[in-house]
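Please look over the model shown here.

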Amino acid sequence: MKEAELDTHQKALKINLDKRWYGTLAEIGAGQEVVRWFFRVGGAAGTVAKSISAYDMVVSDAIYGGTERYVSRSRLQSMLDYEYKLNVERLSEKRGDTTAFFAFADTVVARSFKGGNECHGWMGLKFQSRPRDEASQICIHVRMLDTEAALQQEALGVVGVNLLYGAFFLHHDPEKLVESLLDKLTTGRIEIDAIEFRGIEFRAVDNRLISLKLVQLGLSGAAMFGAKGEVLQPSDVLYKKAVMVERGSFRPPTHVNLDMLECALEKFSQDPAVKGKEVLPVFELTMRNLLSEGNEVDRRDFLARADVLAACGVTVLISDYFEYYRLAAYLSWRTKERIGIVMGVPSLIELFDEKYYSNLPGGILESFGRLFKNDLKLYVYPLQPGSSDSITTVNNLEVAPELKKLYGYLADRGSFVELDNYNPEYLKFFSRDALKKIAAGDDSWKEMVPQAVADIIVERQFFGYRA
């Protein structure tokens, strides 16, 4: 039978009938929805060494140790480590030569009786791909989107079986494994916004590419990773933080990109609603930007951009939210603190182009209503196309005649913040010019980018650089 034809029942049965894997399934918070599949289809004695559900917090802490948050990555990791180690210690002598051990765990909060809570959880698997092998691991964060608890639990069970099946039979092809996680489900029921592969079986996997894959497949609208390339779960990172976002192509990031962010952060921190609070600066890459030169993402180009952004030490967000109001909605759902977006004058001009809002019943008015509804502000960096040209700022920007009153209204209400604290020496730098100079072998591009960015471009020969 072809893999594509297997439903959840058949996947669970195939795992049960394969004598290679044997282990524990530990589930907290939404019922034993995953292990139930293996008991339901029959033959579970060949797969399940133990099933456990430690609902009570005191009991859970007694087994896995104390924690501040029970639905968290750290709790998932302690569950995986504990159960996996226990299996190896207890079973290795008797069946270690013929059995690959595993520990599956999830810690989830489904819809409560009263409702209104965030329905999400962490799920993972620590496993041997063959007997006596070192352990490999996959961890994912899921959001359940069904409105009924029973449906959420059902969807969770399906994802869990898909994860186990993928780890056992598709670990040689991580991207195919990711694609299989929502088999027999839809993105309207489950969102996966973080995934991380670790261990000997996945030593060649770059988790930034896997994060990109989540957004490409529509499993999530956005994915996030840190300056060291580590996978981040957006809700955890954004929680209770004020956020400043800069969108760009970053091919490569120039002094202007860094100056824009620094100037905006300086103004942002002066906002009474932000003063004294933690601010998270974020560089955002949209899928439309990554696909700008074709229908496929150039992975080498993506990783080059990721590496040079890492050299800048900033958190990176990959999103499928081309419209700014969708980005604002995504962020405001994950933090109640103030949100700012920094952009250059050209981006602000584009924001007032009505062709981008033809899909909204209320057109540009609806888009701006959504964008600015939580007192979001745009921090606008000036433009000087040439050294002899005048500088365009938020105060002298020209928009279409029919939109001038709308622009004036937004300006009067404080939706735009002029960045007058910029470095005038940087206005002449543009990423597109730096890119052309790199390809042409003109070393003057190095003056246009931070030293750390120049070093990594030269060292790894990014963007067509040749010594």
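What follows describes a predicted model.

The protein has an average pLDDT of 93, and 98% of its residues score at least 70. Confidence is highest in strand 13 (residues 377-381), with a mean of 98, and lowest in helix 10, with a mean of 90.

The largest pocket holds about 1100 Å³ of space. Its lining is made up of 38 residues. Nearest the centre of this pocket lie Arg 247, Gly 248, Ser 249, Pro 346 and Ser 347. The elements below each give two or more residues to the lining.

| Element of the pocket lining | Residue range |
|---|---|
| strand 9 | residues 242-247 |
| helix 9 | residues 255-268 |
| helix 10 | residues 287-290 |
| strand 12 | residues 339-344 |
| helix 13 | residues 345-351 |
| helix 16 | residues 431-440 |

Helix 13 supplies the largest share of the lining, five residues. By residue class, the lining of the largest pocket has 18 nonpolar, eleven polar and nine charged residues.

Is Val 88 buried, exposed or partly exposed? Its relative accessible area is 26%. Buried would require under 20% and exposed over 50%, so Val 88 counts as partly exposed. In sequence, Val 88 and Gly 23 are 65 residues apart, while in space their C-alpha atoms are 9.2 Å apart.

Note on methods:
Residues numbered from 1 in each chain as written. Predicted model: local features only at pLDDT ≥ 70, side-chain atom pairs only at ≥ 80, totals over all residues. Heavy atoms only, no water. 1 Å grid on protein atoms, 1.4 Å probe; cavity = no way out; pocket = protein on both sides within 12 Å on 5 of 7 lines; lining within 4 Å. Points joined across faces, edges and corners; volume = space filled by probe spheres on them. Helix = DSSP H or I, 4+ residues; strand = E, 2+ residues; numbered from the N terminus. Nonpolar A, V, L, I, M, F, W, Y, C, P; charged D, E, K, R; others polar. Buried < 20%, exposed > 50% of the residue type's maximum accessible area, 1.4 Å probe, protein only. pLDDT = per-residue confidence, 0-100.
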